[in-house]
Structure formats: C-alpha cells, structure tokens
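Me: Can you walk me through this one? I'd like to start with the strands.

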Amino acid sequence: MQFTTSTVSLTVDDVTASQEFFTAHLGYTVRQAADGFASLTRDDAVDIVLLARGIEVLPPEQRDQRAGGLILAFTVASGLQEQEKRLRDAGVQITMPLRKEPWGECLFQVTDPNGVIVQFVEWAAPEHG
C-alpha cells in the first residue's frame, strides 16, 4: 500500500469558522468547499477536511460527534517563540503558553473557534540534571 497524502478529518459545529482560522492564521488554502464541507491543504503539513456536525455524508453513528480530545500537532524547525507572538498579536486564543519540557520539547497550543486544539512543537536539547 502506498499513501499519496495524509488527511485529518474534523467534525465541527461551524465549518466556516475553522476554515477561516486555518487559512488566516496557519497558512492553509482551500482546495474545495461546499455547504458543510471544506478541504484545506498546505504543502508541508497534513491536509485537513472539515465536516459540519450532522452532515449526512457521515454514517449515522458519527454525525453528532465533534472534534474533541484531539490535538493537531505541528513540528517546526525553528522560530516557535516568534510564531506564538504572531498568533497572540493576531488575537488567536493561546490556550497553553510557550513552555519547555525537560525532555527537550518546546511547545505551545492554540484553540480554533470550534475548540480544535492545535499544538506547535520545536525540539531542543533535553535538560540534564
């Protein structure tokens, strides 16, 4: 089996709000969109499909679910502190401020208008002590 791309599908209450968040703040572009659906892409990250909660294209047992308990994580090569400041200055809700873990992970989290948690990670040398 050969994969051609990776996509995460998120069921949200307001597709337009998440679409605008990911395009305005995270550099995604809209590949396709229709009522209750948006397909977002970026050359260097996983694609995102947004589906409206209750949409009939989903099996009945999945229609009322929403993205929850999920963290969409992106690893960056550098500039994590600058990205947190950029997003904060743009009015994005920073739900976990920038911090460094003893094992070398620097990270912060934001939350989109539908409650989708997006985490940004930069790896550094772990602390020794």
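Reply: Two strands pair if DSSP finds at least two bridges between them, and the strands (E, at least two residues) and helices (H or I, at least four) are DSSP runs, numbered from the N terminus. This is a predicted model, where local features need pLDDT of at least 70, side-chain atom pairs count only at pLDDT 80 or more, and totals for chains, interfaces and linings use all residues. Residues are numbered from 1 along each chain as its sequence is written, and side-chain values use heavy atoms, with hydrogens and water left out.

Me: OK, how many residues sit between E7 and E8 in their hairpin?

Reply: Five, and Gly115 in that turn has a positive phi of about 90 degrees. E7 and E8 (residues 117-123) are antiparallel, with seven bridges; Cys106 has Glu122 of E8 as its bridge partner.

Me: And what about E6 and E7, which way do they pair?

Reply: Antiparallel, over four bridges, with E6 covering residues 94-100. Met96 is opposite Gln109 of E7. Four residues separate the two strands in this hairpin, and Gly104 in the turn has a positive phi of about 100 degrees.

Me: Is E7 buried or exposed?

Reply: Seven of the seven residues in E7 (105-111) are buried, so the rest of the structure largely encloses this strand. Buried means under 20% relative accessible area, exposed over 50%, partly exposed in between (1.4 Å probe, protein chains only). Glu105, Leu107, Gln109 and Thr111 are on one side, with Cys106, Phe108 and Val110 on the other.

Me: Switching to H1: what comes after it?

Reply: Gly27, with a positive phi near 75 degrees. Buried residues in H1 include Phe21, Phe22 and Leu26.
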